[in-house]
Amino acid sequence: MWIPVPEFGAGDLSPGHTLSNYIDRSLLPGKLLRGDRDPEGIFSTIPAVATALLGVLAGTWIRSQQTSGHAQAAVLLLAGLLCLSLGWFWDHWFPVNKNLWSSSFVLVTAGWSLILLSLFYWIIDVLGYHKWSLPWMVIGMNAITAYLAVRFISFQPLAELIFQRGESAFHPALFGCLGFLLEWLILYAMYRRKWFLRV
């Protein structure tokens with residue numbers, strides 16, 4: 001926000017005018033996804049890495065087991081509220097913006113994620129109410145597979161091929177849901193066989 005970018009000055013957050021866009025253009029000329037910018041360039045990836053590291057810290061905290069589950073959930077909740085507050089406070093100077101993956105966006109998304117993580121951790125792991133969570137466990141245990149599968153299999157067109165018969169009465173939006181169901185069934189089959197893709 002405060003470092004002037006050649007040709008555009010400081011504080012111009014228009015597409016292609018930001019400091020991260022300028023640095024990516026300088027380091028990767030001719031290689032950027034959108035010509036003058038790349039949402040996944042070298043410099044613009046730093047806040048995304050920060051997002052991932054906040055998740056690693058949360059997971060490390062849960063696995064440490066230095067305190068009771070109730071205390072761990074409470075700390076996660078407080079951390080989430082703190083991140084959320086800081087993110088919205090920081091928004092006054094550096095806006096919450098997903099396309100920029102701004103540091104305020106990192107704090108706000110981390111805040112909501114920590115709040116939800118604390119809630120589900122407390123309900124499922126601490127209190128032991130876990131039977132209802134099977135659909136999410138199936139996805140969570142093979143999240144990398146779920147993420148990569150859509151790169152190789154077009155589930156929505158596959159759902160249309162399977163479920164559409166002539167002048168089908170299905171609403172087009174339903175095919176997206178049916179595509180998701182097909183992917184979930186694959187993940188469920190892997191879950192039942194204890195096949196888990198990990199990094």
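User: Why is Thr 45 called partly exposed?

Analyst: Its relative accessible area is 27%. Buried means under 20% relative accessible area, exposed means over 50%, and partly exposed is in between (1.4 Å probe, protein chains only). The value of 27% is in between, so Thr 45 counts as partly exposed. This is a predicted model, in which local features need pLDDT of at least 70, side-chain atom pairs count only at pLDDT 80 or more, and totals for chains, interfaces and linings use all residues. Residues are numbered from 1 along each chain as its sequence is written, and side-chain values use heavy atoms, with hydrogens and water left out.

User: Where is Thr 45 found?

Analyst: Thr 45 is in the loop between α1 (19-27) and α2. Helices here are DSSP runs (H or I, at least four residues), numbered from the N terminus. In sequence Thr 45 is 55 residues from Leu 100, while in space their C-alpha atoms are 9.7 Å apart.

User: What makes Ser 102 count as buried?

Analyst: Ser 102 has 1% relative accessibility and therefore counts as buried. Its place is in the loop between α3 and α4. Leaving aside neighbours within four places in sequence, Ser 102 is in contact (heavy atoms within 4.5 Å) with Phe 94, Pro 95, Val 96 and Asn 97.

User: How do you know that Ala 149 is buried?

Analyst: The relative accessible area of Ala 149 is 15%, so the residue is buried. Ala 149 lies in helix α6, residues 143-152. Not counting residues up to four places away in sequence, Ala 149 touches Phe 155 and Glu 183.

User: Which residues make up the largest nonpolar core?

Analyst: There are 7 residues in this core: Ala 58, Ile 62, Ala 73, Leu 76, Cys 83, Leu 114 and Tyr 121. At least two core residues come from each of α2 (46-64), α3 (69-90) and α4 (103-126). The largest share, 3 residues, is from α3. A second, separate core has 6 residues, among them Ala 149, Ala 159, Leu 178 and Leu 182.

User: What is a nonpolar core?

Analyst: A nonpolar core is a set of buried Ala, Val, Leu, Ile, Met, Phe, Trp, Tyr and Cys residues joined through side-chain atoms within 4.5 Å.

User: Why are α2 and α3 called roughly antiparallel?

Analyst: α2 and α3 pack at an angle of about 160°, with their axes 9 Å apart. Axes are lines fitted to C-alpha atoms, for helices over the stretch in contact, and angles run from 0 to 180 degrees between N-to-C directions. Angles under 35 degrees count as roughly parallel, over 145 as roughly antiparallel, 65 to 115 as roughly perpendicular and the rest as oblique. α2 and α3 are therefore roughly antiparallel. Ala 58, Trp 61, Ile 62 and Ser 64 of α2 make the contact with Gln 72, Val 75 and Leu 76 of α3.

User: Are α2 and α4 roughly parallel or roughly antiparallel, and what makes them so?

Analyst: The angle between α2 and α4 is about 25°, and their axes are 10 Å apart. They are therefore roughly parallel to each other. From α2, Pro 47, Ala 50, Thr 51, Leu 54, Ala 58 and Ile 62 meet Val 106, Ala 110, Leu 114, Leu 117 and Tyr 121 in α4.
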